[in-house]
Each structure stands twice: as structure tokens, then as C-alpha cells.
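Q: I have a structure open here and want to go through it piece by piece. Can we start with the overall picture and then go into details?

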Amino acid sequence: MFQGFFRFCPTAVGEWHFTFGHHWRMNKAFTKETDADDDEPALPSNLPAEGKNYITLQGYARLREELFTLIDQERPKVVDIVHWAASNGDRSENGDYLYGKKRLREIDRRIRFLTKRLEIAEVVNPSIHLGNNQVFFGATVTYVDDENIERTVTILGVDEVDNSLQQISWVSPVARALLKARVGDEVSLQTPAGMRTLEILSVSYPESPELPH
């Protein structure tokens, strides 16, 4: 069973946020064998040493929805398949059983990973900076570099970025160069090709999202 709750806390990035706690127990009859085969997933090393995992409400909701889907829907289906396949004889040559156990390991690994990510998630509301010209987490920033190339990026959490949508994580070099700067400021960015100068042209924030229930 999985139960989530929110805890409101102060944040170092200038926005309100709430952290996620959980109480969840997985039936050991389904995990004892698979746990021996797979190490616990390590948290990505691109997070700061203190383990802060800032994320927007929308990104958080997607992770939580995936976790609930795995626990409430995907895993029970696979468990039923494994039980059915196990009743059909020799497990060593039973394709359904072997595939089911492999899929179960994948699901359990993903559940453990998402649970750990949600434990350290700190949900940030960028909309409180609506109208502000300073760059904070969640900002959409348009800047031009010293080669007169203009780009627009949105600064988001490491677990929610989509590069195809011009999103970058808040721990990326570009985001770190932009954070706390204001429209009209010039910031320096160290690149493999050398030091570059970025001038901030505009900063915008989304309107307030709905709070989770």
C-alpha cells in the first residue's frame, strides 16, 4: 500500500515548496527473489551533494502518477502473469514465466527509484515570481550570446526536463550561469570552447498551478 503526504518547508531558491513523504510496503513474496538480482538504483550524480531535488508541481505530479500506476496497475498484472506461468510446469523453459520475472524486476527497480526521488523532492512554485525580471527556478529565459545567437530555455528539475522542448535542468552549467541574474545583465559561461558571455533579454514565469489534493 502506498500513501503520500506533503510537508511545507522553506526553500533556498526563493519559492515555497513542499516535500513528499511516504509509507509503502511491497509484498516480500514478490520481491525477495528479485532483490537479490538487482542492486538498489543509485540517485543520479548530477544532483548537488546535499541531495536537493527541486521540481515543479507538474513534474512532481507526473512522477507520482507513474509510481501509482506501477504499484496499482502494472505490478499486479505482471504478478498475475508470473503466478499463472509458474503453474504451467518447468519454469526454466517457460518463456512467460521468465519474461514476467524479468519485467517484475524492472518494475520493482523503477518503483524503488521513484520512491527515493519523491522522498527528496522539493516542489517549487515558480509562479510567485510572475512579473519578476530576475532568474529563479522555473523561469523561461531568453538570452543572446557573444556570437549573436539567441536562445530561449526553461529552467526545471533534473527529473522533468525535456531537451526537445528547450528545457534545461537547474544544475546545468547554463542554468547556474543564469540563476539570480536579471534582464539586461551579462553573465559568463565556461564552455569547452572557452568563456562565453550571455546577455539576458527577457525572463517570464508561468501562472499559478493548481495545488495537489
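What follows is a short exchange on this predicted model.

Q: What is the mean pLDDT of the chain?
A: The mean pLDDT is 81, and 72% of the residues reach 70 or more.

Q: Where does pLDDT stay under 50?
A: Over residues 1-38. The model has 100 contacts beyond four places in sequence for that stretch. Where pLDDT is low, the predicted coordinates should not be read in detail.

Q: OK. How many helices and strands does the chain have?
A: There are 4 helices and 9 strands. Starting at the N terminus, the order is β-β-α-β-α-α-β-β-β-β-α-β-β.

Q: And how much of the chain is buried?
A: Buried residues account for 44% of the 213 residues. As for contacts between residues at least 6 apart in sequence, 63% join residues at least 24 apart.

Q: In what sense do β3 and β4 pair?
A: Parallel, over 4 bridges, with β4 made up of residues 121-124. Tyr 54 is opposite Glu 122 of β4.

Q: Switching to helices. At what angle do α2 and α3 cross?
A: Roughly 155 degrees, and their axes come within 9 Å. Helix α2 is residues 57-86 and helix α3 is residues 95-119. An angle over 145 degrees counts as roughly antiparallel, which is why α2 is described as roughly antiparallel to α3.

Q: Left-handed or right-handed crossing?
A: The crossing of α2 and α3 is left-handed.

Q: Arg 117 is in α3, then. Is Arg 117 buried or exposed?
A: Arg 117 does lie in helix α3. Its relative accessibility is 0%, so Arg 117 counts as buried.

Q: How far is Arg 117 from Asp 159?
A: Their C-alpha atoms are separated by 8.5 Å, and the two residues are 42 residues apart along the chain.

Q: Another arginine: where does Arg 151 lie?
A: In strand β6, residues 150-156. Arg 151 has a relative accessible area of 37%, so it is partly exposed.

Q: Which residues is Arg 151 in contact with?
A: Apart from neighbours within four places in sequence, Val 141, Thr 142, Tyr 143 and Asp 145.

Q: And how far apart are Arg 151 and Leu 198?
A: They are 10.0 Å apart, C-alpha to C-alpha, and 47 residues apart in sequence.

Methods:
Residues numbered from 1 in each chain as written. Predicted model: local features only at pLDDT ≥ 70, side-chain atom pairs only at ≥ 80, totals over all residues. Heavy atoms only, no water. pLDDT = per-residue confidence, 0-100. Contact = heavy atoms within 4.5 Å. Pairing = 2+ DSSP bridges. Helix = DSSP H or I, 4+ residues; strand = E, 2+ residues; numbered from the N terminus. Axes fitted to C-alpha atoms, helices over the stretch in contact; angles between N-to-C directions. Parallel < 35°, antiparallel > 145°, perpendicular 65-115°, else oblique. Left-handed = near helix turned anticlockwise from the far one by under 90°. Buried < 20%, exposed > 50% of the residue type's maximum accessible area, 1.4 Å probe, protein only.
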